[in-house]
Number of protein chains: 2
Amino acid sequence: MTHFNRLTPELTAELRRVAGDANVSTAHADLDLHARDSGHHEAHLPEALVYGESGPQIAAVLKFANEHCIPVTPWGVGTGLEGNAIPLYGGILLTLERMNRIIEVHADDFQVTVEAGIPHKDLNAQLARYGLFFPPDPGANATIGGMLANNAAGIRTVKYGATKDNVLRMEVALPDGRLIHVGSRSIKQASGYNLMQLFVGSEGTLGVITQATLKLVPVPQFMSAIIAGFPTVEAAIETVVAIRGSGVDVAALEFIDVTNTQALNQAGTDIAPYPTLLMEIHSAYEQTLEVDMQTVREICEDAGAISFRATADNAERKVLWNARHHAYETLVRNHPGQRIFIMDVAVPISRYPDLIEFARQSIERHGIKGYMKGHAGDGNIHVELPFGDPITFEKVQAVNGEIVQHAIALGGTATGEHGVGIGKRAYMQAEHGDALDVMRQIKQTLDPRGIMNPGKVL
Amino acid sequence: MTHFNRLTPELTAELRRVAGDANVSTAHADLDLHARDSGHHEAHLPEALVYGESGPQIAAVLKFANEHCIPVTPWGVGTGLEGNAIPLYGGILLTLERMNRIIEVHADDFQVTVEAGIPHKDLNAQLARYGLFFPPDPGANATIGGMLANNAAGIRTVKYGATKDNVLRMEVALPDGRLIHVGSRSIKQASGYNLMQLFVGSEGTLGVITQATLKLVPVPQFMSAIIAGFPTVEAAIETVVAIRGSGVDVAALEFIDVTNTQALNQAGTDIAPYPTLLMEIHSAYEQTLEVDMQTVREICEDAGAISFRATADNAERKVLWNARHHAYETLVRNHPGQRIFIMDVAVPISRYPDLIEFARQSIERHGIKGYMKGHAGDGNIHVELPFGDPITFEKVQAVNGEIVQHAIALGGTATGEHGVGIGKRAYMQAEHGDALDVMRQIKQTLDPRGIMNPGKVL
């Protein structure tokens, strides 16, 4: 990675001509704002900030960078957690924050075409008047481009799928300056290689997603929230399996470990300290919602639930989900002066109790604190590990490594939704074996000089 | 493509050592059975038939073929329609028909791992005792490997997705002899490039899918069928849009053009000669099924439906769907001595009426017969064009070309579910533009000698 060139004053002047003078900044304050993400990874300053303004302009910037062997790191809004958008090798930080327009709402097709820099919450606010929404919700107000590049997911994946499942077509700029279109506005396509899914989740290491046509779904008319406590993790997960087998199409199916109930309670709930499931059901009809809620109640009782509360009341539902969303901030407040390492792995659902027990033992063995919650419906778990000094950080990293390796051994993945970035690179060989070499061949084919987001994924 | 070597007696002897003597046949009857698919494309004989027996054996066969520059065409059961598995350049026809075992049912995970040669109906028969099924159903009893390689879809895609949406992990043999695993049994994975979706739909031109872990869903307890006739195609499609916006999760949403109602009636139904929608609703509860059926009835009436019949009666439902499935055979019987060219395109749903009107005019202009039906919920249409002589075949091809080009112009695709094979290659440039070159680069990277299913897709 030492073959990169620095952005000399001459090259910077040329970059200004290519990108547009108003789209380039080398001001320290601008660079510093784009040096770190929302995770625990070390900051790195880029040499120049480039504001993307269109697909052709971004393609031209990449061509320039490729010719001069200057690294380019695409940037959405910086909500990543694994260093995915940290400019490790300096060079150009390409931010899409100014490309935040809706290009067209295709209401009859339940689709919208957007510039990649639009944050998903802003998009949904604008779509509300059509009665439609884009379901993936990673929590933070990430951009659509960032969500696509990282295949972000979140609490609604169990019903609506991850970001990869909700995109139909993309415009992508390649390092050699080509601007291509992948996928189709047709829901079905059996035509040629699925390049779209190759770029989705590639974390900006193959090209830059500049536009996307997304699938939308009708805003559900009726919603209910359910919270249930169980004597054991096994009983909670047995419930998850039974609900998925019942035909009830839950929109969220979250697991809250006993280690995390306190943080939720501080954020507004009143949960007993037991393994807990937090659920949401969406329906177009009040009657079907009631049938679903009754079925879920019976399943929970059969599994020996200690507590069960269901509500179709909007205010009460919001308190629950706000607590879930703000539990992390509560955790931060409970650990003043410390940072939180948020880890992310996923396993087949049948292996979930094993993983949680393993994580608990690993945390205990290393004598640190750890808080668990996760998207149980998807087999995805997050462990939050506070640290404030180098010795604890080392222990946190050891726990992280043990849990990741165990998840892979259980047939799972090193990352369910945060992506590889910097933090999960070490585990790619264990997870993918020889397929990792095929990934490297594809990287070499599309980005032979390695300028796209170097130091990530592979 | 003239650089391929023939299978000399010496090479055939070596192939027998590599593949296992009992797994190689050069008997004419065997070769002739694997020279054509179920479509209209010309037959080509392979030089040798190889029975795949395992991933490692297939990897070894590919390595051998690659070293000696011999083409390899993977074969499921020959139900393709676009020549996808016809061995255009001779060489090895690699059939997976003996690899038809279920390796493991992961019941708690709603997953099954299978050898790629198992036909999907056989798989579902064996899964029935778990109360689970694999939803994609292309009609014919295609193998799972063939369905994955072609990204097959069918009538249930509107609810359950295409084959690509129902696979989690695959074992894939590459031309250089590597046997890799792509994807994960974890439902969520944000780890590395999505190689799995690169191989899905690549029609055996990049490697051979040897095993797959598939997603399963619970068999629905209650099903109903609905059939409704409309004064115009527009009214029918307006209904499709309204149903998709209503939140009713229909499991099938089929369009039957007036040109096709007669064939269905001969196959057992009693449909008036109007644009018709044939629907199915799956539900875990009788109550929700009733609510859904009532909603669909109201939507159809609002759109001016001329007729509406709904039934939760299993026998009546089966008559309807049998007629739909056997309409093609009826068509064949109505055109004795002729063959049927079945074309397949898909567009965004809002463009469906435009496409149907265009197809009708094209058929009329060329003075041939054409019958239309399609998966309206997905914007997918099939036009069946009988021909019995070279002049009619030329007209059929002209109509096919016009409709494909119009579908692409409408933002659609040259193929929704039959794949590119031989028949749709001519339209790849129009549909994909510069992305086609990226596909070629990937082909060159993974299969530099071009031995994998040559003459297809690209």
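Domain bounds come from an automatic or database domain assignment. On that basis, chain A of this predicted model is divided into four parts: domain 1 (9-97), domain 2 (102-218), domain 3 (222-333) and domain 4 (335-419). The centres of domain 2 and domain 3 of chain A, taken over C-alpha atoms, are separated by 29 Å. Contact between these two domains involves five residues of domain 2 of chain A and eight residues of domain 3 of chain A. On the side of domain 2 that touches domain 3 in chain A, two residues are nonpolar, one is polar and two are charged.

The relation between the two chains was examined next.

The contact between the chains joins 75 residues of chain A to 74 residues of chain B. Several elements of chain A give two or more residues to the side that touches chain B. These are β9 (179-183), α7 (195-199), α8 (233-246), α10 (286-302), α14 (428-432) and α15 (435-446) of chain A. The most comes from α15(A), which gives six residues. By class, this side of chain A has 30 nonpolar, 34 polar and eleven charged residues.

Within chain B, two sheets were described. One is an open sheet of seven strands with antiparallel pairing. Its order is β15-β12-β14-β13-β17-β18-β16 (chain B). The edges are held by β15 (307-311) and β16 (339-346) of chain B. Each of these has a single partner strand, so one side of each is left without a neighbour in the sheet. Neighbouring strands of this sheet are turned against each other by 15 degrees on average, direction ignored. Inside the order, strand β12 (residues 222-229) of chain B pairs with strand β14 (residues 276-283) of chain B. The pairing is antiparallel and runs over eight bridges. Within it, I226(B) has M279(B) in β14(B) as its bridge partner.

The other sheet of chain B is also open, with four strands in the order β1-β2-β4-β3 (chain B) and mixed pairing. Here the edge strands are β1 (24-25) and β3 (72-75) of chain B, each of which pairs on one side only. Strand β2 (residues 48-51) and strand β4 (residues 92-95) of chain B run parallel and are joined by four bridges. One pair of bridge partners is A48(B) and I92(B), the latter in β4(B). Helix α3 (residues 55-68) of chain B lies across β2, β3 and β4 of chain B. The helix runs at about 170 degrees to β4(B).

A hairpin of chain B was also identified. Strand β5 (residues 102-106) and strand β6 (residues 111-115) of chain B pair in the antiparallel sense over four bridges. E104(B) is placed opposite T113(B) in β6(B). Four residues lie between β5(B) and β6(B) in this hairpin. In the turn, F110(B) has a positive phi of about 55 degrees.

Helix packing in chain B was followed for one pair. The axes of helix α8 (residues 233-246) and helix α10 (residues 286-302) of chain B come within 9 Å and cross at roughly 145 degrees. The crossing of α8(B) with α10(B) is right-handed. From α8(B), the residues that meet α10(B) are T239(B), A242(B), I243(B) and S246(B). Facing them in α10(B) are T295(B), V296(B), I299(B) and C300(B). The contact of α8(B) with α10(B) has five nonpolar residues, three polar residues and no charged residues.

Key
Residues numbered from 1 in each chain as written. Chains lettered and ligands numbered in written order. Predicted model: local features only at pLDDT ≥ 70, side-chain atom pairs only at ≥ 80, totals over all residues. Axes fitted to C-alpha atoms, helices over the stretch in contact; angles between N-to-C directions. Left-handed = near helix turned anticlockwise from the far one by under 90°. Contact = placed C-beta atoms within 7 Å. Nonpolar A, V, L, I, M, F, W, Y, C, P; charged D, E, K, R; others polar. Pairing = 2+ DSSP bridges.
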